[in-house]
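Morning, everyone. I'll start with a pair of helices.

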Amino acid sequence: MEHGLMDERRERDGAGEATGSQDPAGRTALRCADGPAVVSFRAGEWRGHPRATSVRVEAGTPVQAAALLLRELPGWLVVTDDSVATGLIDAGATVQRRAHRYGWDLSLNPPDPAWLRPGIAAPLVLRPAAETPVDSLRELWLAAYAHGHPDRTRYAQAEDGLAVLASLWRGELLGPVMPFSAVAADEQGPAAALTVHALESPWITQIFRDPAPRGRGLGSALIRYALAAAAGNGLRSLGASVTAGNVRSGRMFTRIGFRHLGDSVDLTLPGAPDHPAYTT
């Protein structure tokens, strides 16, 4: 659900005038007075809260970019790298998640076309995610993200995580899932699931499997399938992020052949007096 600042948003707060504008690619740029854009980002929503992702310093320093974000986006959720996050944290922003980002350049490193046939052992079969009701994933999600899992700890209650999953599945949070998002299932139900969303570039937004023996190897198989399918659909890259502390998943991506692109931090900026900070 994309939404941006007003195309020509202007505010005065005693520290000078700032302007914000949105370019044809949907990125919002913030600038001081009549100077060049200092920082840009993609504006959207996350569970009803305004959110800035793909934050990029355009001119000046990360410190200047952080100061402008703090002034112009009070209470927003922000996803950025460590260089900008440091200034935001020093000013009182709350860290929600740290993650490692991985990417695969499909144009420079074409995946094996045979990965389109992931070799999932019968009776498991591969189904499009869109044909799998999200309600059928409940038990799988609870098993995959058991207590102590780095991603389970992001939610105060399991129902919070399941609500996020359902909203992703229905295309409400990040738009519709891409057609090669897939679920491996048998007569017992889903054993592994993977979703890809377009975002600013194609991105794996969910990957989880049954920790029982029936789910062994399915995470890697689904990722390889997604790589081959993405390349077959003419896409140039595929990315993913792994919560810091999820060592097993990070090793899986690097073992398959993904390159570590850097780290990101999800934060909640301090809120305005009448707009307190909130958590995800």
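Look at helix α1, residues 62-72, and helix α2, residues 82-90. They pack at an angle of about 55°, and their axes are 8 Å apart. Axes here are lines fitted to C-alpha atoms, for helices over the stretch in contact, and angles run from 0 to 180 degrees between N-to-C directions. Helices (H or I, at least four residues) and strands (E, at least two) are DSSP runs, numbered from the N terminus. α1 and α2 are therefore oblique to each other. Under 35 degrees would be roughly parallel, over 145 roughly antiparallel, 65 to 115 roughly perpendicular, and the rest is oblique.

Which residues of α1 and α2 make the contact? From α1, Pro 62, Ala 66, Leu 69 and Leu 70. From α2, Ser 83, Val 84, Gly 87 and Leu 88. Contact means heavy atoms within 4.5 Å. These residues of the α1 and α2 contact split into six nonpolar, two polar and no charged. Nonpolar covers Ala, Val, Leu, Ile, Met, Phe, Trp, Tyr, Cys and Pro; charged covers Asp, Glu, Lys and Arg; the others, Gly among them, are polar.

A word on the source. This is a predicted model: local features need pLDDT of at least 70, side-chain atom pairs count only at pLDDT 80 or more, and totals for chains, interfaces and linings use all residues. Residues are numbered from 1 along each chain as its sequence is written, and side-chain values use heavy atoms, with hydrogens and water left out.

Next, aromatics. The structure holds seven aromatic pairs. Rings of Phe, Tyr and Trp (its six-membered ring) pair if their centres lie within 6.5 Å; planes under 30 degrees apart are stacked, over 60 edge-to-face, and the rest tilted. Tyr 102 and Phe 253 are stacked, at 5.9 Å centre to centre and 10° between the planes. Tyr 102 sits in strand β7 (residues 94-105) and Phe 253 in helix α6 (residues 247-256), so the pair ties together parts 151 residues apart in sequence. Is Tyr 102 buried or exposed? Tyr 102 is buried, with a relative accessible area of 7%. Phe 253 is buried too, at 2%. Buried means under 20% relative accessible area, exposed over 50%, and partly exposed in between (1.4 Å probe, protein chains only). Tyr 102 and Phe 253 also belong to one aromatic cluster with Trp 104, Trp 115 and Phe 258.

Now Arg 236. Find it in the loop between α5 (218-232) and β12 (237-243). Arg 236 is exposed, with a relative accessible area of 60%. Arg 236 and Leu 106 are 130 residues apart in sequence, but 4.9 Å apart in space, C-alpha to C-alpha. Not counting residues up to four places away in sequence, Arg 236 touches Trp 104, Asp 105, Leu 106 and Ser 107.

Last, some backbone exceptions. Most residues other than glycine have a negative phi, and most peptide bonds are trans. Ser 54 has a positive phi of about 50°, although it is not a glycine. Ser 54 lies in strand β5, residues 49-57. Leu 199 has a positive phi as well, about 45°. Leu 199 is in the loop between β10 (189-197) and β11. And where is the cis peptide bond? A cis bond joins Ala 122 and Pro 123, with omega about 15°. Pro 123 lies in the loop between β7 and β8.
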